[in-house]
Each structure stands twice: as structure tokens, then as C-alpha cells.
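Colleague: Hi! Could you walk me through this one while I have it open?
Modeller: Happy to, let's bring it up.

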Amino acid sequence: MPDVLVAGAGPTGLLTAFELERAGLDVLVLERDSRPTTQSKALGLQPRSVEVLADRGLLAAIEPHVQAKLPAGHFSGVPIDYTDLPTCFPYQLGVEQAHVAAAIEARLRTPVLRDAAVTAVAQDADGVTVTAGGREHRAGWLVAADGGHSTVRTLLGVEFPGSAARISLVVADLTLSAKPAGVADAWSLPAGASGYLVPLSGGRHRTIVFGEEQQRLGRDEPVTADELQRALTAAHGPDIEVGEVLWASRFGDAARQLERYRHGRVLFAGDAAHVHLPVGGQGLNLGLQDAVNLGWKLAATIRGTAPEGLLDSYHDERHPVAARVLVSTRAQAVLGVPDPDAAAVREIVTGLLAVPEARRAVASELSGIGVAYPGTTGRATDVPASADGRAVLVGATVPAGWAGRVEGREGAAPRLVRPDGYVAWDGGPGLDEALRRWLGAPA
């Protein structure tokens, strides 16, 4: 019997499984699809996510698929310079989500169980039973990382409060039979107008359109090649020609978030816990950060070494971060509305974001570099994660009773670094208190 079941083999579910396996646990990932998706989906890794993937030795497998290093993010199409961020990776990586997921999945000990759609969930005092793919699976815990339309969330009857979509957009992977010279030859940031177009691998292109026609059509209306042709012609002129539509979907700016990320022995992560306008790859990056925050805390809970309240601190630390992203993406949606009043607000905001202090504040949020948690002093960008999921103590002797949970390393600046990379102690008195707060009592 595995220690943990994970519902959903997207990047969030896979990285959660990776974190748990790294800590020595047995994990089974359940995925409804029969094979890994080829859809591009999210296209950007923000600097904080790049740090995390590099720390865990996962970045090397992703780098061959990177199409661009973008030295800026954007706020509803307004460029936000990243070059002075305090990180070794002051840029976004332009890479298809499918390649990120594949790199993580390749490192799992236990293969993903596919064709395993979840149809029932029951929990008791000792564990969780999940029916998936017609079979029952039992584990001590379940992590629901099964997306914005989470089946686990529905089966448990967990409410998903928030605001409904007000605007409608279309995202599509397609081929082009013809295009004007200079259009979508290389990756670029969105400019805030409908018809965003970038090249993908294999001769494909990604587009996002949100004109008047998209606002008139219902959410369930199929996306046709003719609709995309009209939108791209309006954006790029008559010389562009749509070939084959490989994948397309309508989405909006709905913003929803669970009130609690933990429900008994079920924990929610990624889009299953929060949805918003998928601008700037924020959803992918939020989910990856959920995974690295949750993984070590759940592992310590299962091993019986977690201090009181550690697992619940997953919600306490991550819920406010996602809530702030929902505020940000809702604001960006308003600025993107094709309306004269919204255009006037956009002009003012663009001017404000040219002020260095404002630009740095927004860059810190969008990139994830500014994320901090109570009781920590930021993230250690120069301390790679321990191979076995332990915390890392730099520049000090590991006290007796802690070797099983703390890896000692040499260094000039003493620090205790949590398994997710955040600094829990940075010298002076208080090491024993920090160890007990985050790692429990000594053996």
C-alpha cells in the first residue's frame, strides 16, 4: 500500500510525488488520461520555479526544450523587467508545460497509473480509499492535484467560492499555412492585444484571442478554424492563414479559491485549490510552489516527526500567496477588456509601472521571488536541496538527535534551510527553537 495517492499527473501532482519520494515515501499517481498530453498549456516558468527545479536537479532535462529566456514578465501585457531581481535566474523560461511534466515524471520511482479516472473517494480515521480506473486504491493520504474542475473536490462536496468569468478568451495550438514575414518568428511577451502568437516546437504555434466575437460565443461553443482565422486576420492582416487546429479551448477570468486546503486526509494543490485567469503562467508556477511546500510537511507527518501544526502550515503559508495572485490576475483581466474606459485605466497603470519602485514591487510578485513565509527570512538561492529531502544546516554542527532530519554542510554564513529552501535560522541564538518548530523533537 502506498503512503500517499496523488490524483492528477500535471506538474503539480508530479512534483508533489517527486518531493514525497525524495523523502523516502511510496507514492502512486493516478491519471485519467491514457497518455501524457501533447497540448502546450502553460508556456512560462517564473524565476522562483526555475530556482526550485534547478535545486532538485530537474532543470537540466527541461533546458533542451526551452525556446526563450525572457528577461521580463508582464502585467496584462505591460512589460515588467526582471533583470535586477535577487536570483541566479532573472528571467522567465519559455517552455511548454508538457516538457516540464515529462522531466519530473521521468524521475519518479513508481510509474504513473494511467487510464485511472477517479470516480469515488472515501476517507476514515486511518486513510483514504480512492476508486480509479475501476479499481480501489488505499493510502494514508490523498493529494488532489486534478485541476480546476477537480473530481476529488466535487466528490467530497467541497465548495469552491469566488467570482464567475466576465470575459472570454480562446487559447489554441495550431499550424499556419501562411503568415507575414516577421510575425511570430520568435518568442515575445504579450502586448495586451488580441491575437498573441508565438512559435512552438514541431511547426506549431500558440495563439490567444479575445475579441468581440469571443465575448458573444458561449463557453461550450466549439472553437473553429474560421473563428481563429477571423481573429488572426484582424490582428495580423490578410496574409496570415490558419492550417490545422490541433487543440483549442475557451476560458475566462473566473477567480476561485478553496477556503481550506486540507480536508481531513485529503490535501488540495494547484488548480484544484485555486483558479484564475491563466496569465503569465501564474497557475503552473503557483502549483509547483504548492508542491514543494506540501511535500516535506506531509512526509514528516507520515514519518511521525512533524511538530504540531506543521501540516496545517501548508494552508497557512500557501493560501495567502494564491489569494494575492487572484487579486493580481483579476486586475490584469480588467486592464485587458476591449473597452475605452479600461484602455484609459491601462494607460495610467502603464505610466505607474514605469516608476522603478512600482516596477520592482510588481516584478517581485510576478516572479515569485518576493514570496516569504512567517518565521523565515527568505529563500536560500545558493543552497541546493538535499537529495533525500532533509533540511540543510550550513556553517554549523548538526546537534545530536537531528542527523536523520538535517544534512550538515560547510559554509561561512550559518543558516538552517527548510526542505523547500526557505531559511528558518540565520545565525546567532535560536537554532534549537527553529529545529523544533519546523522539524519536531530530536530523536
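Modeller: One definition before we start: helices (H or I, at least four residues) and strands (E, at least two) are DSSP runs, numbered from the N terminus. This is a predicted model, where local features need pLDDT of at least 70 and side-chain atom pairs count only at pLDDT 80 or more, while totals for chains, interfaces and linings use all residues. Residues are numbered from 1 along each chain as its sequence is written, and side-chain values use heavy atoms, with hydrogens and water left out.

Colleague: Thanks! Where does E317 sit?
Modeller: E317 is found in helix α9, which covers residues 313-336.

Colleague: And is E317 buried or exposed?
Modeller: E317 counts as buried because its relative accessibility is 6%. Buried here means under 20% relative accessible area, exposed means over 50%, and partly exposed is in between (1.4 Å probe, protein chains only).

Colleague: What does E317 touch, then?
Modeller: Not counting residues up to four places away in sequence, E317 touches N293, K297, Y373, P374, R418 and W438. Contact means heavy atoms within 4.5 Å.

Colleague: Let's switch to Q289. Which helix is Q289 in?
Modeller: Q289 has its place in helix α8. With 9% relative accessibility, Q289 counts as buried.

Colleague: Which residues is Q289 in contact with?
Modeller: Leaving aside neighbours within four places in sequence, Q289 is in contact with R48, S49, V52 and R318.

Colleague: R48, S49 and V52 make me curious about α2. Why is α2 described as largely enclosed?
Modeller: Because eight of the nine residues of α2 (residues 47-55) are buried, the helix is largely enclosed by the rest of the structure. The buried ones are P47, R48, S49, V50, E51, V52, L53 and D55.

Colleague: What covers the buried residues of α2?
Modeller: The cover includes β3, α3 (59-62), β7, α8 and α11 (356-367). After α2 comes G57, with a positive phi near 70°.

Colleague: You mentioned β3 and β7. Which sheet are they in, and in what order?
Modeller: They belong to an open sheet of three strands in the order β3-β7-β4, with antiparallel pairing. Two strands pair if DSSP finds at least two bridges between them. The edge strands are β3 (44-45) and β4 (68-70), each pairing on one side only.

Colleague: How many bridges join β4 to β7?
Modeller: Three bridges join β4 to β7 (residues 92-94), and K69 stands opposite L93 in β7.

Colleague: What about β9, how covered is that strand?
Modeller: β9 (residues 128-132) is mostly covered, with five of its five residues buried. V128, V130 and A132 point one way from β9, while T129 and T131 point the other way. In a regular strand the side chains alternate between the two faces of the sheet.

Colleague: Which strands pair with β9?
Modeller: β8 (residues 118-123) runs antiparallel to β9, with five bridges joining them, and A120 stands opposite T131. A hairpin through four residues joins β8 to β9.

Colleague: Now the core. Which residues touch the most other members of the largest nonpolar core?
Modeller: That core has 73 residues, and L45, V130, L142, V152, F268 and L298 touch the most other members. The largest share, eight residues, comes from helix α8 (residues 282-303). A nonpolar core is a set of buried Ala, Val, Leu, Ile, Met, Phe, Trp, Tyr and Cys residues joined through side-chain atoms within 4.5 Å. Another core, of 17 residues, lies apart from it, with I167, I208, F251 and A333 among its members.

Colleague: Last one: what lines the second largest cavity?
Modeller: Its lining is Q46, H74, Y82, V279, G280, Q282, Q332 and L366. On a 1 Å grid over the protein atoms alone, a cavity is a set of points where a 1.4 Å probe fits but cannot get out, and lining residues have an atom within 4 Å of a point.

Key: 1 Å grid on protein atoms, 1.4 Å probe; cavity = no way out; pocket = protein on both sides within 12 Å on 5 of 7 lines; lining within 4 Å.
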